[in-house]
Amino acid sequence: SVGTASVSISSGDQMRRMLFGVIVLVVVISGFAGGAAASTPPSDPGAGGLYEGGYGNASEPYQIANWTQLNNTRKNLDANFTLINDLNESTAGYDSVANETANGGNGFESIGDSGALGGPGTPFSGTFNGSRNTVDHLYINRPNTEDIGLFGYSNGTIEDIGIKNANVTGGKETGGLLGQNDNGIVNNSYATGNITGGGVGVGGLVGTSGWGGTVKNSYATANVSGDDRKVGGLVGYNAATLKNSYATGNVSGNASLVGGLVGDNAGSLENSYTTGNVSGFSDVGGLVGENTGTVSSSYWDVNTTNQSSSAEGTGLTTDQLKADDSLTGFDFTNTWAVVDNSTNVSYPYLQGNVQQPAPGLADASTIASDEADSISGVTTDSPTADDTSATGNYTVRLDKSVQANVTLNLTGSNLTASNI
C-alpha cells in the first residue's frame, strides 16, 4: 500500500508541473503577440481614404491635399494633421464643401463647435500644421451661427497656415481662421479678405481668444465689420495672451468696444501694432476699444486709423511707425524686420511669417502730406510742377529718425522752406 501511495503522489505532482508549464507558455506567447501588435503601425494609412496619408499621430500626422480631406478633419478632432499643399478654387472638393453653393448656400461648415446651441461641445483638440500653405477663397455664410471660421472652436494647436481672400459671415465669435480659441494656440498664421459678424466677438483672425489661450506671431489684413460689441482687426475679444502680431485691415462696428487690433482686451497684449481705419459707435480705439488687462509695447498709427486715442497703447504717426527698427519692446534681431532703404519703407513685419509685399510698403521719397492734415487740420495737398503758387504746412521725412513740420512756399520756380 505504501508503494501504491508513492506512485499516486508522484503522478499528481507531475500533472501539476505539466499544467504550470502550459500556463507559462500561454502567458509568454500572449506577451510576444501583444508586444508585436503594439509596435506595428496601423495597416490603413489615411484612415481608410479620409485623408491623403498618415496615421494621425505626432510623427505621422494625417495628410490633407484637398477640400474634402480638410472637411473630414471633423471626423478625428483629436488627431494631428498637416496640409501638404495650397487649397484654392480649383482644388478637388471645393464646389462640394466650400463655395457659395455648398451646403445649401451656407458654404464651408466650421471645424469644431462649443455646443452653444444646446448640443455637446466638440472642440478641435488636435494639432493642425499648415506647413506654410494657404487656404484660398474660403466661403462661409452662416450669420445666425456661433463659432465661425475655418475652425469654429478649438483648444488645440493651429499654426503655419494662411487664409487668403476669405469671405466669412457668422454670428457670435467669428474670425477668418478661428471663431473661438479656448485654451488653445494660434501661431504663425494670417488671414486676408472680409470678415463679418452679427454677434459679440468678431476679429480678422480670431473672434474670441479665451483664458489660457495664445495668439502669437500672426497678422490679419482682412476688413472686419460687426453688428455687436467687441470687434477688432485681429481679435474681437482677448482674454488670453496676444503677442508679436499686427492688423492692417479696416475695422467697423455698429456698437461699442471697437479697436484696430482688439475690440476688448482682458488679457495680455504685447509687442503688437495696427494701422487700419477704425470706426464704431462708442468705446472706439486705435489699438483697443476697452482694456481691463495689460498692454505693453504696442502701437497704433494715428494717421491711418483716424483715431487719436485708444484705451491703451501708444499712438505714433505713420513716419514714426514705418522704417523704425527701434520700437520699444520689438525684437528686430529674431522676430521683427522692416523695409528701410533708399527706395522703399514699410511697417514692421514678422521674420517667421512674412507678408508679401511688406505691410504699408511705400516710396521712401513720398512726402507725408496726409499725416500733416490728420494732425494739424490744415490743407496739405503736395505742390506740383504745374502750380504757380502753393503754400501749406507739410511733414517732411528728412531721414529715418528725423522729421519736421515745415511751411513750403512755391512761387514760380522758387521753393522756400521755413519753420524747420
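Predicted model: local features only at pLDDT ≥ 70, side-chain atom pairs only at ≥ 80, totals over all residues.
**Overview: one protein chain with six helices and 37 strands.** The chain runs to 420 residues, and 49% of them count as buried. Take the contacts between residues at least 6 apart in sequence: 64% of these join residues at least 24 apart.

Close-up 1: As a quick reminder, strands of a sheet pair through backbone hydrogen bonds, in either a parallel or an antiparallel way.

**Close-up 2: where strand 22 meets strand 27.** Strand 22 covers residues 262–265, and its parallel pairing with strand 27 runs over three bridges. To find your way in, look for valine 262: its bridge partner in strand 27 is valine 288.

**Close-up 3: serine 256 and the residues it touches.** Serine 256 belongs to strand 21, which spans residues 256–259. Is serine 256 buried or exposed? With a relative accessible area of 15%, serine 256 falls under the 20% cut-off, so serine 256 counts as buried. Leaving aside residues up to four places away in sequence, serine 256 touches Asp228, Arg229, Lys230, Ser282 and Asp283.

**Close-up 4: a cis peptide bond at proline 357.** Most peptide bonds are trans, and most residues other than glycine have a negative phi. The bond from glutamine 356 to proline 357 is cis, though, with omega near -10°. Look for proline 357 in the loop between strand 33 (349–350) and strand 34 (362–363).

**Close-up 5: two asparagines with positive phi, asparagine 103 and asparagine 217.** Asparagine 103 has phi near 55° and sits in helix 4, residues 102–105. Its relative accessibility is 39%, so asparagine 103 counts as partly exposed. For asparagine 217, phi is about 50°, again positive in a residue that is not a glycine. Where is asparagine 217 found? Asparagine 217 is in the loop between strand 13 (214–216) and strand 14 (219–220). Despite that loop position, asparagine 217 is buried, at 18% relative accessible area.

How values were computed:
Residues numbered from 1 in each chain as written. Heavy atoms only, no water. Helix = DSSP H or I, 4+ residues; strand = E, 2+ residues; numbered from the N terminus. Buried < 20%, exposed > 50% of the residue type's maximum accessible area, 1.4 Å probe, protein only. Contact = heavy atoms within 4.5 Å. Pairing = 2+ DSSP bridges.
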